[in-house]
Amino acid sequence: MKQAYAAISREKSKPLVLECIGIDEPRADEILVRIVASGVCHTDMVVRDQGYDVPQPVVLGHEGSGIVEAVGSGVKTLVPGDHVALSYSFCGKCEKCLGDTPYYCEDFFGRNFRGTRPDGTCPIHDSHGSQISGCFFEQSSFATYAIASERNAVKISKDVPLELIGPLGCGLQTGAGAVLNCLKPREGSSIAIFGAGAVGMAAAMAAKIAGCATIIVIDLTDERLELAIELGATHTINARKADSVKAIREIVPAGVDFSLECTSSPKVFRQAVDCLGTPGTCGLVGSSALGTEGVIDIGSFLFGRTLVGVVEGQSIPSEFVPQLIEYWQRGRFPFDKLVQFYDLDDINQAMADSESGKVIKPILRMKH
């Protein structure tokens, strides 16, 4: 058993607790990863607050990056010493996975949010030997070590800074993939992006890569909107100071071709639909607590509008993460401008800074 140090969510909406844990040796299809860093994502806070019913106590974290330390007997594509970015989990066997859409895996929710392996076991134990929930996105990377699989581990070149690339496994691939893989805007088209967090900023950078002529970013913070311009937005709107839909239609009178809702707010969701032209497509990526409802005008869809939910940017991580790294190396996806680093001990401050909007993408660095 490997000894590790982890941040554990023990009670609903309470600060995470730093504790020593034990991690079992990897099974035949698993790998043990020495975590170098892990991004902090909005979904981690949603689960901490039990918006998704993941059993507590639980080790969260799903944007890990690190070095493979051990592999199970059935692992064929990774060896100890490989550098990896960790992403979401999928079974690899169902019709959706075999059809190259693992983001629609028939057991997606279970494998990422169940808190255990499919057989009900978990490789994580507390200092008293009691099993605690883990396997979060098949990694639970708010720890110095994590058990993952070769399916959700993306091998990366050793010249890429490990501490930086974890967020590519979820938040950044979600925003960029929502544009490049799902909406697929044609060159010269228009898009409105609601929310200038990590997902929205990634979407803005991707819209520039796609050649959108009009990229409108809507947020509540002037500092974020200034950064959005630097990253590729052509227009910004502060929703505290203007009616977002009216302001968008002043820029594009017929309505935008595409919109992306990244805030998980029902009110903003309605705005993301109302600002569309006809036809027009709205992508929904905001991670709301289960049971959250929104209201839209059904009649507005009679003229060719489309609403699409986007999971993980409809990305195949083994293909898309290396693509994003290449864009970054070429200066076309400068996501490092979104990042602020914290020690794992400061995880609760990192979460607070993320929720307040002070920091766009916190990354936790592990001390070994």
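This is a predicted model: local features need pLDDT of at least 70, side-chain atom pairs count only at pLDDT 80 or more; totals for chains, interfaces and linings use all residues.

Trainee: OK, the open sheet. In what order do its six strands come?

Mentor: The order is β12-β11-β10-β13-β14-β15, and the pairing is parallel. Pairing here means DSSP finds at least two bridges between two strands. The edges are β12 (235–238) and β15 (306–309), each of which pairs on one side only. From one strand to the next, the twist averages 15 degrees.

Trainee: Which strand pair can I zoom in on?

Mentor: Take β10 (residues 190–194) and β11 (residues 214–219), which pair in the parallel sense over five bridges. F194 sits opposite I218 in β11.

Trainee: Which strands of the sheet does α5 touch?

Mentor: α5 packs on the sheet and touches β10, β13 (256–261), β14 (276–284) and β15. Contact means heavy atoms within 4.5 Å. The direction of α5 makes about 140 degrees with that of β13. Helix α7 (residues 222–231) also packs on the sheet, touching β11 and β12, and its direction makes about 170 degrees with that of β12.

Trainee: How do you get those angles?

Mentor: Axes are lines fitted to C-alpha atoms, for helices over the stretch in contact, and angles run from 0 to 180 degrees between N-to-C directions.

Trainee: What about α5 and α10, how do they cross?

Mentor: The axes of α5 (residues 171–183) and α10 (residues 317–329) come within 11 Å and cross at roughly 95 degrees. That's why we call the two helices roughly perpendicular; the class spans 65 to 115 degrees, with under 35 roughly parallel, over 145 roughly antiparallel and the rest oblique.

Trainee: Which residues meet there?

Mentor: From α5 it's L172, Q173, A176, G177, L180 and N181, and from α10 it's P317, F320, V321, L324 and Y327. The residues of that contact split into eight nonpolar, three polar and no charged. Ala, Val, Leu, Ile, Met, Phe, Trp, Tyr, Cys and Pro count as nonpolar, Asp, Glu, Lys and Arg as charged, and the others, Gly among them, as polar.

Trainee: Switching to α11. Which residues are buried in it?

Mentor: I347, A350, M351, D353 and S354. Buried means under 20% relative accessible area, exposed over 50%, and partly exposed in between, using a 1.4 Å probe and protein chains only.

Trainee: Why are they on the same side of α11?

Mentor: Because they cover an arc of only 165 degrees around the axis, the arc being that of the directions from the helix axis to the C-beta atoms. Those buried residues pack against β1 (2–9), β2 (17–23), α1 (42–48), α7, β16 (339–343) and β17 (361–365).

Trainee: And S354 itself, what does it touch?

Mentor: S354 touches M45, R224, V359 and P362, leaving out residues up to four places away in sequence. Its relative accessible area is 17%, so S354 is buried. After α11 comes G357, with a positive phi near 90 degrees.

Trainee: How many residues of β17 are buried?

Mentor: Four of its five, so it's mostly covered. β17 runs parallel to β16, joined by five bridges, with F341 opposite I363. β17 also pairs with β3 (residues 30–39) in the antiparallel sense over three bridges, where A37 has R365 as its bridge partner.

Trainee: Where are the cis peptide bonds you'd show me?

Mentor: One joins Q56 and P57, with omega about 0 degrees, and P57 is in the loop between α1 and β4 (58–59). Another runs from T278 to P279, with omega near -5 degrees; P279 is in strand β14.

Trainee: Last one: S140, buried or exposed?

Mentor: Buried, at a relative accessible area of 1%. S140 has a positive phi of about 50 degrees although it isn't a glycine.

Note on methods:
Residues are numbered from 1 along each chain as its sequence is written. Side-chain values use heavy atoms; hydrogens and water are left out.
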